[in-house]
Amino acid sequence: MASLKVGENREINTDLIQKAYSLAVKAHNKSSQKSYILEKTGGSSYVIFSFPGYWSENDWYDGEPFGETKINLDLFPSLRSIGIDEHAKVNKVFLQRFVDKISRNQDFRKEAKNEKKQIVFTGHSTGGSVSTLATIWFLEKYWRSDASATSPLCLTFGCPLTGNHIFSHALRREQWAPYFIHFVMRYDIVPRILLAPISSIKHEFQPILQFLNPKSTRASTNTPPEASNFYTNVMKNASSMASHAACSLMGNTNLLLETMTNFTTLSPYKPFGTFVFCTGNRKLVILSNPDAILQLLSYSFQLDNEAECLDVAQRSLQQHFSYGNELKDCFNKLDALLLESLEKLPLSADSTTASSDITTINAALKDLGLSIRARLCLCAAGELEKRKIGNKNSIDLKKADIAMKYLEDYKLSCGRQGLGCYDAFKIQKSTEDFEANVKRLELAGIWDEIIEMLKRYDLPDAFEGEKKWIDLGTKYRRLVEPLDIANFYRHLKNDVTGPYTEKGRPNRYKCTQRWLEHAQRMPAGSCGESCFWADVEELRIKNSSKEGFAPFKDKVLQLEEQAKKWINDKVLDKDVLMENSTFMVWWKKQPETHKLASCIKDIEGFKITSV
Amino acid sequence: MDTSPTFSIGPELAKFVVSSGVLNQSFATVRDLHGEIINQNEHRVRHKVSQQSNCTIIAFSSWPGCGKDYILERDLVSSSTPEEKTESFPLFNFLSTKTNPDFSINKAALEHFASIRDRLPNLKSQIDNSKVLIITGNSLGGSVAILFTLWLLETIDFSITKRPLCITFGSPLVVNNGLQNAILKYPTWSSCFLHVVSDQDPFPRVLIAPHNPPATESASQTNVYKPFGTFLLYSKSGCSCFEDSQTILELLMATYSEGPENQNPNQVLELYEKIVEYLSRKVICMDATRLLQWTTPQRADIINIQLAVIGLMGPPQSLQLQGQNNGLDNLITKIEKQETELAESRRQGFDPSKKLNEVKINMANLEWYKKYSKERGMGYYDSFKSGSTQPDITVVGFKKILTQYWVDMVDEAEKKPQKEGASFRTRWLGAGTNYRRMIEPLDIAEYYKGGGQDYIKSRRPEHYKKLEQWLKEKPLSVPNKLKKQNVASNLTEDSCFWAHVEEARISCQLLSSRESSDTEKELKKLRKFENYVYDLMKYYAVSPEIFLPQSSFMQWWKDYEKIMGTSYSSNLSNLMKDYDKYATGSLEIP
């Protein structure tokens with residue numbers, strides 16, 4: 001039983017791949033009403049869901065020039081960047097088809113839920129996009145919550161790009177990207193189509209789809225006359241997209257790139273998962289770096305010379321259906337090259353003194369038609385990945401935890417002196433308070449830098465999913481944010497900018513709060529315990545006005561409930577209840593009748609000596 | 001040390017430009033303009049506005065086709081030339097910055113631009129803000145396009161309009177280093193210029209001295225004309241983009257391959273037509289760049305690629321003869337250095353936010369110092385002036401760091417053009433004001449301690465003046481209850497307060513020692529100061545720390561009371577009876 005190595009410790013049975021392909025094609029031809037096929041074979045360790053493709057222009061583009069739309073976060077809560085809260089984009093029609101035909105399909109839901117064996121989702125062409133969404137849906141719904149479940153697998157063949165860079169980023173963060181394996185023939189045009197806006201291919205698209213549709217009765221096997229134009233337009237857009245991406249990969253500093261971006265429309269789509277490129281002569285090239293895959297999609301699709309345009313254009317359509325034979329040949333004599341450490345890629349194809357490893361790589365890259373410049377682009381993609389890891393290492397070196405240790409001690413020492421650290425810090429009386437303020441600012445510097453890097457996607461995609469950092473961020477937020485709030489209200493910044501939670505809250509706390517909420521699958525905004533003091537301050541200001549207690553009763557009750565819950569959950573410190581804390585001083589001023597019934601009194605540790 | 005290679009984006013950027021189709025689009029309009037039937041009586045600069053679905057294109061061409069000599073004959077015109085001689089210079093006055101008051105423009109280009117002066121309002125009215133704008137032209141028409149774009153940039157609000165793109169085909173150089181520097185200071189502005197230059201076109205090279213290529217050594221140093229923006233250099237073997245102006249000058253000369261047939265502007269136009277068409281076809285093909293054998297990229301190798309792309313380097317065989325190729329080697333080394341420097345300076349750039357937290361720490365230290373001094377009963381102004389304790393000495397270090405930061409910051413804002421500078425100022429003004437109010441008293445203390453006089457007129461540092469000036473653009477706030485209650489934690493709003501106090505003390509001294517020749521004048525000054533303090537108190541704009549027992553202000557008050565006598569009554573003297581109420585906001589001020 002042969003298997004294909006697609007990454008470190010990741011191998012896939014070649015029989016399964018071939019079986020999946022035949023089922024993916026079978027799904028197209030199925031004349032029944034079913035929007036998917038479920039294949040269970042006795043004795044095997046998996047079941048296969050396969051999804052059919054669709055073949056009209058409206059099955060690709062709707063609305064935007066590239067047919068993209070914001071992802072539906074109810075179905076796909078993970079498909080976003082966490083800290084800065086950017087939502088992924090996905091092809092609108094593919095998403096719609098998945099929602100209408102699959103996720104609302106009771107049979108499908110039941111069959112997916114009850115399956116104990118490994119589930120393989122597969123699809124050819126646009127069917128691959130639907131299988132991708134089905135896989136993510138399954139991961140969100142069952143895999144995330146059930147650690148004992150078997151991981152799913154998604155195998156696509158000639159599948160169009162489906163989501164944007166945040167889509168790709170999120171899958172890598174969740175460690176889900178390895179479950180997706182995409183097979184792409186060197187010249188298959190379908191995976192490249194969405195790199196072009198509909199306006200650029202409007203005239204040719206319908207006849208091309210007509211030709212590609214396996215259900216249509218073709219007049220002949222001849223490719224349609226539009227093939228050349230179609231190929232040229234898609235290739236031009238792919239080249240535009242890839243060269244723009246390459247400039248960024250290489251650390252562009254020329255602002256002309258930015259100005260130019262207004263004068264052209266660039267595809268938002270970005271690859272994710274592992275791509276297996278079939279060179280067309282029984283070799284496979286496998287890589288998982290999304291930036292490098294994008295470059296490869298463009299460079300391997302180029303012409304060698306202008307004369308072969310018609311020939312390549314025809315092949316770009318024919319290869320969409322040649323996965324079966326190609327893979328069979330490839331698997332007979334497995335010649336697969338796993339491209340890792342891209343930054344060390346040999347750049348010269350003419351090397352004579354090279355080792356056998358390099359000779360193998362050279363031969364494979366040559367089969368994909370990669371010039372020196374193409375290799376430089378792959379190399380730059382590797383360097384970027386390396387740089388991101390370097391950025392993370394440099395943050396690790398800043399030792400945010402050591403500065404935090406000082407503040408923990410500060411908090412303890414405040415407690416011993418009978419005043420919570422919020423109030424002590426706000427009064428700024430002793431040298432320790434001053435030192436704490438300096439530490440607070442040092443930490444702010446470290447965390448602001450992290451947030452800046454997140455915004456620029458300059459950290460490894462996995463960063464926001466790392467437990468170590470989520471924990472550190474949470475600890476930091478609960479310990480230091482009260483000090484920021486104390487500082488904010490000490491300097492009356494609310495007077496200038498408005499309430500802290502609305503206008504004054506730094507991103508470093510918003511981000512770290514979202515990290516925790518996402519990791520624990522809690523609703524957005526539910527981990528606001530570190531903002532407790534700001535709520536107290538705001539209510540105190542409103543409450544002290546002439547209007548009295550009545551108009552704020554609901555707010556007061558809510559604040560008390562939260563205090564109780566958070567203190568009991570041990571996420572809010574008990575120094576809130578200290579005799580002279582801002583909170584207690586304010587609370588004591590509330591009407592007697594209210595206090596008697598207040599839930600605050602039920603909190604363990606509540607004691608009051610004088611009212 | 002980071003040893004990873006720095007990539008050259010030149011070839012990739014060029015590929016992006018070509019594949020985006022902007023060259024075809026803009027050149028088509030230039031060609032159409034040239035194809036129009038020409039009326040003999042027409043202006044020497046013609047233009048065409050082409051409205052397309054996604055953009056507006058404005059093309060310029062010069063008539064009659066001006067030859068090389070025409071451009072050469074006419075030299076630079078300086079912005080300091082009297083106005084009546086250069087009717088168009090007022091249009092560019094906005095380009096002179098403080099660091100760059102004087103600049104020059106090529107006379108031929110300026111004359112051409114001046115000739116369309118009457119058409120400018122009409123042209124501008126045809127620009128549709130909802131679409132992007134391309135401004136283009138070939139040869140001298142390209143120079144007009146450059147000047148038109150510069151003229152336009154000043155009036156554009158970038159927050160609602162996208163940047164225009166000026167694409168020239170074979171334009172001569174237009175400006176001297178004065179103007180080049182001015183434009184390079186506005187990074188978003190220079191990003192609007194893309195100059196396409198063929199290796200066979202003499203016009204872009206005509207103003208580069210000396211006129212005999214290859215002159216890789218001296219070209220850049222002696223030349224008065226300077227490039228700005230991005231150059232897309234083309235040769236048979238391909239094209240690449242360059243941004244460093246020295247590199248561009250070197251390469252313009254090094255890549256020139258003269259052909260007798262290209263002396264005529266119309267033939268040059270055909271040249272560009274072929275280039276644009278060829279590039280657009282080739283962009284979907286594999287590039288043919290071949291190079292030496294190497295396995296890991298080095299910086300120099302990557303420069304080699306760029307040069308190979310624009311045809312300066314042949315296939316590997318010819319490179320084996322490197323010994324005979326010293327000029328080229330030098331060029332590579334030079335370009336490598338220049339490109340690295342440019343990229344480095346861009347990356348590091350002046351990033352105020354990066355240091356902000358560090359600066360805040362220094363401010364926290366000062367806040368602490370202020371508190372320490374208050375507890376000593378003299379306020380930080382007088383504590384610093386006395387310089388008697390360790391903290392007074394330590395704080396000098398914090399002050400120095402803060403001052404350096406804000407001097408740089410203000411300088412940076414000053415260098416920017418009016419509009420960019422304005423947004424910069426609003427972002428940093430809060431922190432800047434805080435800094436000014438906290439630190440300037442220390443500068444004043446130092447100055448008067450050394451026996452200085454009249455700080456405001458004779459000694460006040462520029463950056464404080466600027467910071468104050470920018471704030472004045474905002475209205476003053478009327479004190480509310482909260483402001484009154486918290487006056488204790490606020491800084492005195494007028495950062496020159498202590499200079500006024502010192503001047504008042506000097507007046508008192510003169511009066512009591514009867515040195516002054518003009519008693520009335522000194523008394524007038526003192527009454528003015530009195531009113532000034534009264535107003536500050538009324539607006540709760542002064543820190544209650546001035547009332548600390550050992551403060552200079554209280555010293556002044558004692559001296560002043562002595563001079564004026566016990567029966568003296570004024571607005572201020574009434575307030576001074578209860579000044580201790582001021583700190584809690586409970587002092588009633590009529």
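Colleague: How much area do chain B and chain A bury between them?

Modeller: Chain B and chain A bury about 5,800 Å² between them. Carbon and sulfur atoms hold 63% of that buried area. In chain B, B:Phe7, B:Phe16 and B:Ile284 lose the most area to chain A, together 14% of what that side buries. Buried area is the accessible area (1.4 Å probe) that two parts lose on being put together, summed over both. The size of an interface is often given this way.

Colleague: And what kind of model is it?

Modeller: It is a predicted model: local features need pLDDT of at least 70, side-chain atom pairs count only at pLDDT 80 or more, and totals for chains, interfaces and linings use all residues. Residues are numbered from 1 along each chain as its sequence is written, chains are lettered from A and ligands numbered from 1 in the order in which they are written, and side-chain values use heavy atoms, with hydrogens and water left out.

Colleague: How many residues of each chain are in contact across the interface?

Modeller: 63 residues of chain B are in contact with 63 residues of chain A. Contact means heavy atoms within 4.5 Å.

Colleague: What makes B:Arg163 and A:Glu258 a salt bridge?

Modeller: The rule asks for a side-chain nitrogen of Lys or Arg within 4 Å of a carboxyl oxygen of Asp or Glu. In this pair, the closest N and O atoms are 2.6 Å apart. That is within the limit, so the pair is called a salt bridge. Across the interface of chain B and chain A the rule finds 5 salt bridges.

Colleague: Why is A:Met578 called partly exposed?

Modeller: Buried means under 20% relative accessible area, exposed over 50%, and partly exposed in between (1.4 Å probe, protein chains only). A:Met578 has 22% relative accessibility, so it counts as partly exposed.

Colleague: Where is A:Met578, and what does it touch?

Modeller: A:Met578 lies in the loop between helix H22 (553–568) and helix H23 (582–588) of chain A. Leaving out residues up to four places away in sequence, A:Met578 touches A:Gly415, A:Gly418, A:Leu419, A:Gly420 and A:Met584. A:Phe272 is 306 residues apart from A:Met578 along the chain, and their C-alpha atoms are separated by 53 Å.

Colleague: Why does A:Arg521 count as partly exposed?

Modeller: A:Arg521 has 46% relative accessibility, which puts it in the partly exposed class. A:Arg521 sits in the loop between helix H20 (507–519) and helix H21 (532–543) of chain A. Its phi is positive, about 50°, although A:Arg521 is not a glycine.

Colleague: Where is A:Arg282, and what is its phi?

Modeller: A:Arg282 is in the loop between strand E12 (274–278) and strand E13 (284–287) of chain A. A:Arg282 has a positive phi of about 65° and is not a glycine.

Terms used:
Helices (H or I, at least four residues) and strands (E, at least two) are DSSP runs, numbered from the N terminus.
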